[in-house]
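Here is a short briefing on one structure.

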Amino acid sequence: MSGFVIGFFLTFIGGFIALPILLGILRMFGFYTIVNEGYCHVYVLFGKVLAVLKEPGLYVLPFKLGPAAFIINWFGRCHVVDMRMDQVYLRSQAVNSEEGAPMGIGVWYEMAISDPVAFLFKNADPRGSLSANVSNAVVRTLSNMPLAEMLESRHSMSQAVRADVSPKSLEWGYQLGSIYIRKVHFRDVEMIRQIEAKVVNRLRQVTSAIKQDGANQVNIITSTAERQAAIEFAKAEAMRPSIVGGALQRISEDPEIADALFEILQIQRLAEGNAQITMLPQGAGLLPQMLAAEGPAQPQARPQPRIQSLEGKK
């Protein structure tokens, strides 16, 4: 049991304490180095570049640097350069259109380090220089463009800016990726308000024109329908006498049906009228007929007696 404890203790000390210390000492004296994915190591000794390690992995430095590997960490320097793709967005770069409108352009671009030695030693601030170069390229290539083209053709604008920036970026160790004109806007607030007012007025004009056109179409459809209806009613009115005449002609061919029809029509007219009808029995004399023809006697107003006062007689 004690042997197991002693072995476990020695393994723990050797694996977690002694081995990291030994590896750190070997790395400090330049025996090996580890290059991570997307990074590059540039070794410089007395102002001279000895080696550039771009591929990820474990390197034994004496095989790459020779005897200088043992003093590179003491008298030289190891530059660790990030080779991964980076993205930058430049906001509202000031340009003027052909019409003189002050415009702002937002530029988004990608970049990656292609030459770590040129990146380290050919420019003190390569990132800032590239940003300034992109900004200047935007102003040079996109100024004095027609306003309509500036607002619509962003792909051609992006290509023009990239073609102007790429040669300079390669000199500084940068490889320029995609460039995209992301935003084009007006920089003058008063101009923005005027454009908004014009757009609103134009929308009102278009809306009123659409409403008026719709009302005109409705009036045309209504008038056309009324004209066609009047034509059809006139045709029906013209055909009515012939239809009624033809029906009466067919009825008059049978005298009994004709007499019954005209009698019914006469009774209907009498019923619909306001005339008074007096029904007399058969065999009545002449005097009852005359009295019935005169109508009921109107009641006469009864005369009021006159009373004279005694004072009047006096």
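The notes below take the two topics in turn.

This is a predicted model, in which local features need pLDDT of at least 70, side-chain atom pairs count only at pLDDT 80 or more, and totals for chains, interfaces and linings use all residues. Residues are numbered from 1 along each chain as its sequence is written, and side-chain values use heavy atoms, with hydrogens and water left out.

**Asparagine 123**
- Asparagine 123 sits in the loop between α4 (116–121) and α5 (126–142); helices are DSSP runs of H or I with at least four residues, strands are E runs of at least two, and both are numbered from the N terminus.
- Asparagine 123 counts as buried because its relative accessibility is 15% (buried is under 20% relative accessible area, exposed over 50%, partly exposed in between; 1.4 Å probe, protein chains only).
- A polar atom of the asparagine 123 side chain lies 3.0 Å from the backbone nitrogen of aspartate 125.
- Beyond its neighbours within four places in sequence, asparagine 123 is in contact with Ala118, Ser129 and Trp172 (contact means heavy atoms within 4.5 Å).

**Nonpolar patch**
- Ile17, Ile21, Ile25, Met28, Phe29, Phe31, Phe46, Phe70, Ile71, Trp74 and Phe75 make a nonpolar surface patch of about 1100 Å².
- Patch residues have over 30% relative accessible area and no salt bridge, with nonpolar side chains (Val, Leu, Ile, Met, Phe, Trp, Tyr) joined within 5 Å and like charges within 9 Å.
- A salt bridge puts a side-chain nitrogen of Lys or Arg within 4 Å of a carboxyl oxygen of Asp or Glu.
- α1 (2–28) and α3 (72–75) each supply at least two patch residues; the largest share, four residues, comes from α1.
- Phenylalanine 46 lies in the loop between β2 (39–45) and β3 (48–53).
- Phenylalanine 46 counts as exposed because its relative accessibility is 66%.

Note on methods
Polar contact = N/O pair within 3.5 Å; in protein donor to acceptor, adjacent residues only side chain to side chain. Areas by Shrake-Rupley, 256 points an atom, 1.4 Å probe, with all protein chains shown as cover.
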